[in-house]
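Hi,

Here's the structure I promised to pass on. Have a look at it first, and then read my notes below.

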Amino acid sequence: MNQLISFGTEHTKVDDSVLEAVGSRGKRAVSLADLNVPVCPGVVLTTEALSVFPENATAAWSVMKDPLGVIEGAMKRRFGDPKAPLLLKMVESPMLNVRSALPSVHHVGLCDATVEPLSETMGETFAWQEYGYLISSILKLELLLEEDKARAARLKEFREEIQAAKRKASIKKTMSAFEGVLPAEIYTEPFFQLTHVARLFRRAFALSPTTEDSALMIQAMVYGNRDKNSSSGYLFTHHIITGEDELQGEFFPESFDDAGKKGKKLTTLSNAHLSELKKIARTLEDNFREIRWIRFTIEAGELWLVDQASVPNKSAQAEIRTLLDLLRREVVSNEYVISTIKPGRLSEILHPTLDKKSVSSFPKIGGGIAGSVGAAIGRVYFTTENLVTAHRQAQQAGEDTNMILAMPSTFAGDVKGIEIAQGVLSSEGGYASHAPVVARSLGKVALVRPDIQFLKRSMKVDGQEIKEGDMITMDVPYYDDPIVYIGAGALTKPTPEDSGLLELLEIVQTRIEHIDVHANADQPRDASLAKMFGARGIGLCRTEHMFFDEKRINRFRYLILADDEKARIKALDSLAKDQTRDFYELLKIMDGLPVTIRLLDAPLHEFLPNGDGPMKEFVAQAQKDKMGLTKASIIARSQLLREFNPMLGHRGIRIAISYPEIYRMQTRAIFEASYKLKSEGYDPKPEIMIPLVMNPNELKVVRNGKRIEGKHILGIKDIEEELRTQYSNINLDYKVGTMIELPAAALNADGIARYADFFSFGTNDLTQTTYGISRDDFNTFFSDYTELDLLPGNPFKMLQPQVKELIQTAALRGRMVRPDLGLGLCGEHGAEPENIKFIRETELDYVSVSPFGIPIAKLAIAQMNLEDA
């Protein structure tokens with residue numbers, strides 16, 4: 001019978017050809033044994049061995065005698081010995097690496113004849129409770145197999161009473177009361193126990209297709225409560241949160257397991273045992289090339305490894321730092337490090353992660369759409385105004401300033417609230433709606449829950465009412481479902497410098513070819529972060545975000561509300577220095593790298609106050625500044641500016657045509673900042689991007705200017721020439737291009753390319769205008785479409801076929817006219833790994849993503865290049 005596979009001694013090396021037959025749990029034990037670490041010895045009965053396992057006791061003994069003898073020799077104890085018995089555990093070893101649904105049977109060999117010796121060494125209560133546990137486990141297997149209802153009821157009653165019995169007397173009484181339910185030999189003959197349990201497992205395996213090929217593992221048991229020199233414990237080979245190269249775990253002196261006990265630090269173990277554990281941990285890490293979990297027992301001073309496994313709940317930081325340590329030890333290669341890490345997991349490093357223990361007792365609400373991953377804790381506020389006020393008051397009082405913004409949906413005026421908050425909850429839209437997009441750009445957490453019911457000063461979610469000012473904890477992981485906890489948990493806040501991320505990115509960069517990553521960055525802090533992550537430039541600077549600063553927003557509102565060009569120019573002049581400073585800082589940080597600056601794009605009405613509170617504050621400030629504005633006049637002007645469909649209305653290049661002075665101010669600020677930097681010895685590379693172009697004539701006018709009777713639009717070219725003259729004709733490398741975000745622009749690409757040095761594909765708006773769907777409203781029917789398989793995924797995460805065709809068409813037509821045309825993609829799609837292959841196939845030069853998306857995009861590109869190689 002050659003399908004009994006022994007393991008765990010120097011005499012039992014397992015051949016690779018039969019390793020598959022031992023099942024997943026058997027493999028783990030065999031792996032330990034083959035690495036010459038002290039695993040408890042045992043034997044695996046394969047499916048084949050079980051199928052022919054003898055019914056006759058004498059024949060069964062002939063099969064098991066030799067494997068048991070090997071185990072007895074290693075453990076220096078004999079199975080069934082009434083003085084110092086060897087006890088065994090019997091467990092399913094499934095072919096798939098899944099948790100077994102069948103009970104493990106421990107302490108096989110414990111019976112009336114052997115329970116007393118165990119009582120003498122480990123205590124009467126423990127010995128008899130474990131004897132009762134053995135009988136309970138056998139009864140559970142019997143129940144799974146029993147078809148006779150009367151006997152099944154008797155088995156169930158027996159099991160319930162034996163589980164309730166906690167002392168020797170009550171356990172013996174229960175066994176006596178149910179005499180005859182189990183074979184009498186169960187209580188008197190250890191080997192009969194073993195064969196009976198083996199046959200029960202064989203029958204149980206046959207019940208399901210998922211277990212019919214399972215193996216049965218029999219392994220020696222060791223006891224951490226045998227004497228004062230005994231203990232049990234567990235460890236992780238690296239710290240599973242921080243990734244520190246240290247053993248993380250506990251041990252429990254004189255304890256069989258850790259149930260209900262307080263552990264001690266591993267560092268307080270004896271030097272000999274600690275040194276041996278460190279050596280074993282290193283051996284396992286080097287073999288499996290990852291963090292491992294180990295359960296060990298020290299019995300009478302001798303160390304044994306009971307089990308080991310991978311660690312699915314390790315943090316991304318721990319995974320990265322472990323891989324980097326393995327790389328330094330020359331166990332793995334650069335290519336292995338790059339290919340092992342899932343790109344999406346890097347989000348954990350870039351955002352705080354939740355300590356799950358800190359929220360284990362909190363009420364929780366699961367589900368929703370992950371808008372921006374991470375974890376956030378704070379008091380809830382339902383308007384930006386209330387949040388800003390509460391934040392200011394908390395600062396003044398020296399109190400906790402962590403807050404969560406919760407609103408049905410957010411708009412441009414709420415950017416400040418999102419910036420102050422730790423996270424944002426919304427009910428409208430989806431992954432690509434305003435709140436998640438802004439949150440991702442700012443490194444904040446975002447969750448969309450369509451079922452939130454917003455009330456006056458509270459919200460209801462899944463039957464739970466949360467009032468304004470209540471503390472909540474948001475946990476929005478990349479691969480698991482989001483959860484909102486009622487209460488304040490605890491966070492781990494990794495930093496890029498300590499996480500190993502920067503070292504990983506250096507390795508990743510060695511595999512970046514043909515296509516690189518730029519950043520969406522509007523603020524110096526974003527640009528600095530992007531530079532740290534290895535961004536090769538800024539692919540999108542949204543200038544409208546700059547005007548929402550509290551020191552600028554009112555001046556920009558005066559511009560919008562002005563009655564004539566003269567008043568608008570006056571307001572613009574007051575903003576020009578701020579814009580010049582903005583561009584100066586960004587270009588300086590990205591010295592020598594391109595900085596693509598998108599001129600004003602947002603509809604003008606989005607800058608006006610929304611709500612009674614903000615309106616009241618603005619009116620008061622306007623009167624203080626003697627602007628001659630009243631509440632009535634502001635509301636009237638706001639109504640005139642409001643549009644039925646602002647996304648397709650008066651925005652982007654259309655603002656430049658109607659109010660050329662706005663783009664003129666921004667363009668002048670770009671060139672003033674650039675020429676100033678040139679004069680200081682820097683190498684700025686500004687790229688001016690005109691949004692929402694639909695035909696070549698629009699771009700031609702903005703780039704080259706146009707004069708008609710009564711009106712003169714000064715072109716970008718004219719402004720640059722004027723500034724160049726002021727700076728003694730210093731040569732400046734600048735470009736003018738456009739964002740392709742309308743189907744008309746994509747189809748007009750050959751004509752537009754005559755006036756554009758580059759195209760940047762704005763895939764968010766291109767998706768909306770191609771399919772006629774709003775990213776803010778799409779979620780209301782997306783689930784219905786998903787259920788019926790009407791779309792191959794979320795179109796605001798995965799580029800859809802028609803959008804891809806428009807991008808390919810525009811790229812091809814554009815480069816036919818201008819072969820050196822720069823091509824990039826700056827929509828949210830650029831950060832999604834599944835889109836990277838298409839982007840490279842279309843021969844785009846770069847993707848531009850939020851600073852926190854840069855490592856993810858870079859890793860996805862490197863992995864794609866590795867696969868091709």
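Let's start with an open sheet of five strands, in the order 1-2-7-5-6, with antiparallel pairing. At its edges sit strand 1 (4-7) and strand 6 (105-108), each of which pairs on one side only. From one strand to the next, the twist averages 20°.

Before I go on, this is a predicted model: local features need pLDDT of at least 70 and side-chain atom pairs count only at pLDDT 80 or more, while totals for chains, interfaces and linings use all residues. Residues are numbered from 1 along each chain as its sequence is written, and side-chain values use heavy atoms, with hydrogens and water left out.

A few terms: helices (H or I, at least four residues) and strands (E, at least two) are DSSP runs, numbered from the N terminus. Two strands pair if DSSP finds at least two bridges between them.

Back to the sheet: strand 1 and strand 2 (residues 42-45) run antiparallel and are joined by four bridges. I5 has V44 in strand 2 as its bridge partner.

Now for K706, which lies in strand 30 (residues 706-708). Leaving aside neighbours within four places in sequence, K706 is in contact (heavy atoms within 4.5 Å) with V701, K711, H712 and I713. K706 and A113 are 593 residues apart in sequence and 105 Å apart in space, C-alpha to C-alpha.

Cheers

Note on methods:
Axes fitted to C-alpha atoms, helices over the stretch in contact; angles between N-to-C directions.
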